Amino acid sequence: MTRNDITPRPMLDIPRSRLEIILDLVAIAAILANIWLIAQSWGKLPDSMAVNFDFSGKPT
């Protein structure tokens, strides 16, 4: 059997429910809110950050 002998898969057109549309919009809004929060706080970040901490929580 060659590749040309295989029939193409059917294309399903399943409509989205209102709940799925609402959940998609909520997810997009959450992603945009995260991007906005990162952009707002980006300038407040220090130039260097401590990478290692000792057992009492102080940066080394």
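A residue is called buried when its relative accessible area is under 20%, exposed when the area is over 50%, and partly exposed in between, as judged with a 1.4 Å probe and protein chains only. By that rule Arg16 is exposed, because its relative accessible area is 58%.

The model described here is predicted, so local features need pLDDT of at least 70 and side-chain atom pairs count only at pLDDT 80 or more, while totals for chains, interfaces and linings use all residues. Residues are numbered from 1 along each chain as its sequence is written, and side-chain values use heavy atoms, with hydrogens and water left out.

**Overall form**

The chain contains 1 helix and 0 strands, where helices (H or I, at least four residues) and strands (E, at least two) are DSSP runs numbered from the N terminus. Its radius of gyration is 25 Å, whereas a compact globule of 60 residues would have a value near 10 Å; this radius is taken over C-alpha atoms, and the globule rule is 2.2 Å times the number of residues to the power 0.38. Along the principal axes, the C-alpha trace spans about 65 × 40 × 25 Å. Of the 60 residues, 0% count as buried, and the chain exposes about 6600 Å², with carbon and sulfur atoms supplying 64% of that area. Accessible areas come from the Shrake-Rupley method with a 1.4 Å probe, and for residues only the protein chains shown count as cover.

**Helix 1 and its surface**

Helix 1 covers residues 18–41 and includes Leu25; Arg18 also lies in helix 1. Between Arg18 and Ile35 there are 17 residues in sequence and 26 Å in space, C-alpha to C-alpha. Ile35 belongs, together with Ile21, Leu25, Ile28, Ile31 and Leu32, to a nonpolar surface patch of about 590 Å². Patches are made of residues with over 30% relative accessible area and no salt bridge, with like charges joined within 9 Å and nonpolar side chains (Val, Leu, Ile, Met, Phe, Trp, Tyr) within 5 Å.

| Residue | Relative accessible area | Class |
|---|---|---|
| Arg18 | 73% | exposed |
| Leu25 | 55% | exposed |
| Asp24 | 33% | partly exposed |

**Charges**

Side chains of opposite charge can pair when their charged atoms come close. The structure holds 1 salt bridge, a term for a side-chain nitrogen of Lys or Arg within 4 Å of a carboxyl oxygen of Asp or Glu. Arg16 and Asp24 form a salt bridge through their side chains, at 2.5 Å from N to O.
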